[in-house]
Amino acid sequence: MGAVRKVATYLGLGEAEHYDDAYDYDYEEEIEAEEEQWRPASERAAKRWRAVSEPSRIVMITPRKYNDAPTIGRHFRDRQAVIMDVNQMSAAEATRMVDFAAGLAYGCEGRIERIAEKVFLLAPADMEITSG
(Lines give C-alpha, C1' and ligand atoms only; values in the text may rest on other atoms or scores of the structure.)
Protein backbone atom coordinates (compact mmCIF):
# COMPACT_ATOMS: atom_id res chain seq x y z
CA MET A 1 0.00 0.00 0.00
CA GLY A 2 1.38 3.38 -0.95
CA ALA A 3 1.85 6.32 1.34
CA VAL A 4 -0.97 8.31 -0.28
CA ARG A 5 -3.43 5.44 0.24
CA LYS A 6 -2.36 5.07 3.87
CA VAL A 7 -2.94 8.77 4.51
CA ALA A 8 -6.28 8.64 2.71
CA THR A 9 -7.35 5.60 4.73
CA TYR A 10 -6.22 7.25 7.95
CA LEU A 11 -8.27 10.36 7.12
CA GLY A 12 -11.28 8.20 6.27
CA LEU A 13 -11.21 9.04 2.57
CA GLY A 14 -10.35 5.57 1.32
CA GLU A 15 -11.18 2.00 2.07
CA ALA A 16 -9.45 0.16 4.86
CA GLU A 17 -7.52 -2.99 4.00
CA HIS A 18 -9.20 -6.26 4.80
CA TYR A 19 -7.22 -9.32 5.69
CA ASP A 20 -8.26 -12.77 4.57
CA ASP A 21 -6.92 -14.74 7.54
CA ALA A 22 -8.32 -14.29 10.99
CA TYR A 23 -5.83 -13.76 13.78
CA ASP A 24 -6.43 -16.44 16.38
CA TYR A 25 -4.19 -16.38 19.43
CA ASP A 26 -4.80 -17.63 22.95
CA TYR A 27 -3.28 -15.15 25.38
CA GLU A 28 -4.40 -16.99 28.52
CA GLU A 29 -2.23 -20.04 27.82
CA GLU A 30 0.82 -17.83 27.27
CA ILE A 31 0.25 -15.93 30.53
CA GLU A 32 -0.15 -19.19 32.49
CA ALA A 33 3.10 -20.56 31.01
CA GLU A 34 4.96 -17.35 31.92
CA GLU A 35 3.63 -17.46 35.50
CA GLU A 36 4.91 -21.02 35.93
CA GLN A 37 8.42 -20.02 34.74
CA TRP A 38 8.62 -16.72 36.63
CA ARG A 39 10.48 -16.60 39.93
CA PRO A 40 11.66 -13.62 41.96
CA ALA A 41 15.23 -12.47 41.35
CA SER A 42 16.21 -13.40 44.90
CA GLU A 43 15.18 -17.03 44.31
CA ARG A 44 17.09 -17.17 41.01
CA ALA A 45 20.20 -15.70 42.67
CA ALA A 46 19.93 -18.08 45.62
CA LYS A 47 19.75 -21.04 43.26
CA ARG A 48 22.72 -19.80 41.24
CA TRP A 49 24.86 -19.02 44.29
CA ARG A 50 23.67 -21.75 46.64
CA ALA A 51 26.09 -23.03 49.24
CA VAL A 52 28.46 -25.71 48.03
CA SER A 53 29.96 -28.32 50.33
CA GLU A 54 33.32 -28.32 48.56
CA PRO A 55 35.90 -25.64 49.39
CA SER A 56 36.42 -22.66 47.11
CA ARG A 57 39.15 -22.86 44.50
CA ILE A 58 41.28 -20.19 42.90
CA VAL A 59 42.26 -20.83 39.29
CA MET A 60 45.29 -19.15 37.70
CA ILE A 61 44.91 -18.59 33.95
CA THR A 62 47.42 -17.00 31.59
CA PRO A 63 45.53 -16.47 28.33
CA ARG A 64 47.61 -16.15 25.19
CA LYS A 65 44.79 -15.01 22.89
CA TYR A 66 41.21 -13.79 23.18
CA ASN A 67 39.89 -17.23 22.23
CA ASP A 68 40.84 -18.38 25.75
CA ALA A 69 37.98 -16.27 27.18
CA PRO A 70 35.47 -19.17 27.40
CA THR A 71 37.83 -21.00 29.76
CA ILE A 72 37.83 -18.03 32.12
CA GLY A 73 34.05 -17.77 31.88
CA ARG A 74 33.55 -21.46 32.58
CA HIS A 75 35.62 -21.37 35.76
CA PHE A 76 34.00 -18.15 36.98
CA ARG A 77 30.46 -19.44 36.40
CA ASP A 78 31.41 -22.52 38.45
CA ARG A 79 31.96 -20.10 41.38
CA GLN A 80 35.73 -20.35 41.27
CA ALA A 81 37.87 -17.26 41.74
CA VAL A 82 40.06 -16.66 38.71
CA ILE A 83 43.42 -14.93 38.62
CA MET A 84 43.94 -13.74 35.07
CA ASP A 85 47.45 -12.76 33.92
CA VAL A 86 47.35 -10.97 30.56
CA ASN A 87 51.09 -10.15 30.41
CA GLN A 88 51.65 -12.44 27.42
CA MET A 89 48.92 -10.85 25.29
CA SER A 90 49.20 -7.86 22.97
CA ALA A 91 47.90 -4.59 24.41
CA ALA A 92 44.78 -4.63 22.21
CA GLU A 93 43.89 -8.24 23.08
CA ALA A 94 44.66 -7.68 26.77
CA THR A 95 42.27 -4.71 26.83
CA ARG A 96 39.62 -6.79 25.11
CA MET A 97 40.12 -9.65 27.59
CA VAL A 98 39.84 -7.31 30.58
CA ASP A 99 36.64 -5.83 29.10
CA PHE A 100 35.27 -9.35 28.72
CA ALA A 101 36.22 -10.22 32.31
CA ALA A 102 34.61 -7.03 33.64
CA GLY A 103 31.38 -7.83 31.80
CA LEU A 104 31.49 -11.41 33.06
CA ALA A 105 31.97 -10.27 36.64
CA TYR A 106 29.15 -7.74 36.34
CA GLY A 107 26.78 -10.21 34.70
CA CYS A 108 27.39 -12.87 37.34
CA GLU A 109 27.18 -10.36 40.21
CA GLY A 110 30.85 -10.80 41.07
CA ARG A 111 33.68 -8.31 40.91
CA ILE A 112 37.05 -7.75 39.32
CA GLU A 113 40.11 -6.40 41.13
CA ARG A 114 43.49 -5.40 39.75
CA ILE A 115 46.19 -7.24 41.69
CA ALA A 116 49.31 -6.16 39.80
CA GLU A 117 50.35 -4.85 36.39
CA LYS A 118 48.17 -6.78 33.91
CA VAL A 119 47.04 -9.27 36.59
CA PHE A 120 43.39 -9.32 37.67
CA LEU A 121 41.28 -11.25 40.18
CA LEU A 122 37.72 -12.19 39.27
CA ALA A 123 35.85 -13.00 42.45
CA PRO A 124 32.36 -14.53 42.71
CA ALA A 125 29.73 -12.66 44.71
CA ASP A 126 30.02 -14.90 47.75
CA MET A 127 33.80 -14.48 48.09
CA GLU A 128 35.12 -11.82 50.44
CA ILE A 129 38.29 -9.99 49.41
CA THR A 130 40.34 -8.07 51.95
CA SER A 131 43.49 -6.14 51.32
CA GLY A 132 45.91 -5.29 54.01
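Modeller: In the hairpin formed by E3 and E4, two residues lie between the strands, and Lys118 takes a positive phi near 60 degrees. The model is a predicted one, and the part to follow here is strand E4, which covers residues 119-123.

Strand E3, residues 111-116, runs antiparallel to E4, and the two are joined over five bridges. Ala116 has Val119 as its bridge partner in E4, while Arg111 is paired with Ala123 of E4. E4 also pairs with strand E2, residues 81-85, again in the antiparallel sense, over four bridges. In that pairing, Ile83 stands opposite Leu121 of E4. As a general point, the strands of a sheet pair through backbone hydrogen bonds, and the pairing may be parallel or antiparallel.

These pairings belong to a wider arrangement. Four strands form an open sheet with mixed pairing, in the order E1-E2-E4-E3. E1 and E3 each have a single partner strand and stand at the edges, so one side of each is left without a neighbour in the sheet. On average, neighbouring strands of this sheet are turned by 20 degrees against each other, when direction is ignored. Helix H5 packs on the sheet and touches E2, E3 and E4, and its direction makes about 140 degrees with that of E3.

The burial of E4 may now be considered. Five of its five residues are buried, so the strand is largely enclosed by the rest of the structure. Both faces are covered: Val119, Leu121 and Ala123 are buried on one side, and Phe120 and Leu122 are buried on the other.

Within H4, residues 69-77, the buried residues include Ala69, Ile72, Gly73 and Phe76. These four cover an arc of only 100 degrees around the axis, which puts them on the same side of H4. In general, an α-helix has 3.6 residues a turn, so residues three or four places apart point the same way. The buried residues of H4 pack against strand E1, E2, helix H5 and E4. Phe76 illustrates this packing: apart from neighbours within four places in sequence, its contacts include Leu104, Leu122, Ala123 and Pro124.

In soluble globular proteins, nonpolar side chains tend to be buried together.

H4 is followed by Arg79, whose phi is positive, near 65 degrees, and Gln80 lies in the loop between H4 and E2. Buried here means a relative accessible area under 20%; Gln80 has 10% relative accessibility, so it counts as buried. The side chain of Gln80 makes a polar contact, at 2.8 Å, with the side chain of His75. Not counting residues up to four places away in sequence, Gln80 touches Arg57, Val59, His75, Leu122 and Pro124.

Note on methods. Residues numbered from 1 in each chain as written. Predicted model: local features only at pLDDT ≥ 70, side-chain atom pairs only at ≥ 80, totals over all residues. Heavy atoms only, no water. Buried < 20%, exposed > 50% of the residue type's maximum accessible area, 1.4 Å probe, protein only. Pairing = 2+ DSSP bridges. Arc of directions from axis to C-beta. Contact = heavy atoms within 4.5 Å. Polar contact = N/O pair within 3.5 Å; in protein donor to acceptor, adjacent residues only side chain to side chain. Axes fitted to C-alpha atoms, helices over the stretch in contact; angles between N-to-C directions.
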